[in-house]
Amino acid sequence: MAVAHDTSEFRYLPAQADVLHATVPAAQRLSVALPDGRTLSMLRFGEGDPEVTLLHGAGLNAHTWDSVVLLLGRPALVIDLAGHGDSSWRDDLDYSPAALAADVAHAITAQTAQPQVLVGHSLGGLTAAVVAAQHPALIRELLLVDIVPALDTAAAPAVLREFYGVTDFDTRDDIVERAMSFGFGGTREDTARGVFFNTRVREDGRVEWKHHFAQIIGHAFDALADANTRPDAADPWTDLTAVQAPVTLIRGTHGFLQDSDVAEFTRRLPTASVVTADAGHNVQETSPATIAELASAALIRLPN
């Protein structure tokens, strides 16, 4: 395991903490070597073993959870999924939840001995469901943020396909303008911070997305659609319905989920909870207190 010494990426935390009336925790970036030679990068907040692990959605990175972590005030592990943030890209372009889940389980095992409250947004939520189903001893509770299996791909992915139709820009300000025009992010300051973490400047001076997802979005969604629709495809709900831990779905009022998606979730998991937040798809950025409160409540409940 290697510890990065450049902590400049945490320079935004004090200002965020002031706004949220929170305390700035200890923070460090770690990287864990994976069995196939790739590395998985992550942020570790607070002292002691992590109690909460957070997984971002497609095209995002660990810093999307900064406000949630500040409000939570508990030791947390925040992972850059493969192909995102500072984690290695996959040569096989396989960013399916099953492939990502193996990395996450490896990281949790390496970083903490405590069963986790596992929180996953969008693609991270589908990944979290696989982790919870396949590694029940690692998970205390599961929180899904604005995602269910078999989400109608005619809506949300179409928006993302259009958004990532442009992959390089003159300036980061151009990306901020584009993100806000699509309704992504919160305030302009929050959006600018997110763009900073999610982009890099090339040698030719152009700014490009840092994550692999922007380069292969068509492939990624086509693969997901094929997996869900081919005649021999397994039921996409198999992993989630196999989860033994308590499950909560957090839906953004202006997010990607339709009423039919939530109804199917409730039918499939009748004992699960559904909470609605006044937020878009990225609930962690526009209503972080909702997630922090639910994760905090999960930590004080007696485990099953």
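Reader: Is aspartate 80 buried or exposed?

Author: In this predicted model, aspartate 80 is buried, with a relative accessible area of 1%. The cut-off for buried is under 20%.

Reader: Which residue forms a salt bridge with aspartate 80?

Author: To read such a pair, look for a side-chain nitrogen of Lys or Arg within 4 Å of a carboxyl oxygen of Asp or Glu. Here the partner is arginine 29, and the closest N and O atoms are 3.0 Å apart. The two residues are 51 residues apart and link distant parts of the chain: arginine 29 sits in strand S2 (residues 27-33), aspartate 80 in the loop between strand S5 (76-79) and helix H3 (97-111). Arginine 29 is buried too, at 8% relative accessible area.

Reader: Where do aspartate 190 and arginine 193 lie?

Author: Both are in helix H7 (residues 188-198), three residues apart, about one turn of the helix. Arginine 193 counts as buried at 11% relative accessibility, whereas aspartate 190 counts as partly exposed at 29%.

Reader: What is the distance between the closest N and O atoms of aspartate 49 and arginine 44?

Author: The distance is 3.9 Å, and the pair forms a salt bridge. Aspartate 49 is partly exposed, with 32% relative accessibility; arginine 44 is buried, with 16%.

Reader: How many salt bridges does the structure hold?

Author: It holds 22.

Reader: Which residues are linked in a network of salt bridges?

Author: A network of salt bridges links Asp168, Asp170, Arg200, Arg202, Asp204, Arg206 and Glu208.

Conventions
Residues numbered from 1 in each chain as written. Predicted model: local features only at pLDDT ≥ 70, side-chain atom pairs only at ≥ 80, totals over all residues. Heavy atoms only, no water. Helix = DSSP H or I, 4+ residues; strand = E, 2+ residues; numbered from the N terminus. Buried < 20%, exposed > 50% of the residue type's maximum accessible area, 1.4 Å probe, protein only.
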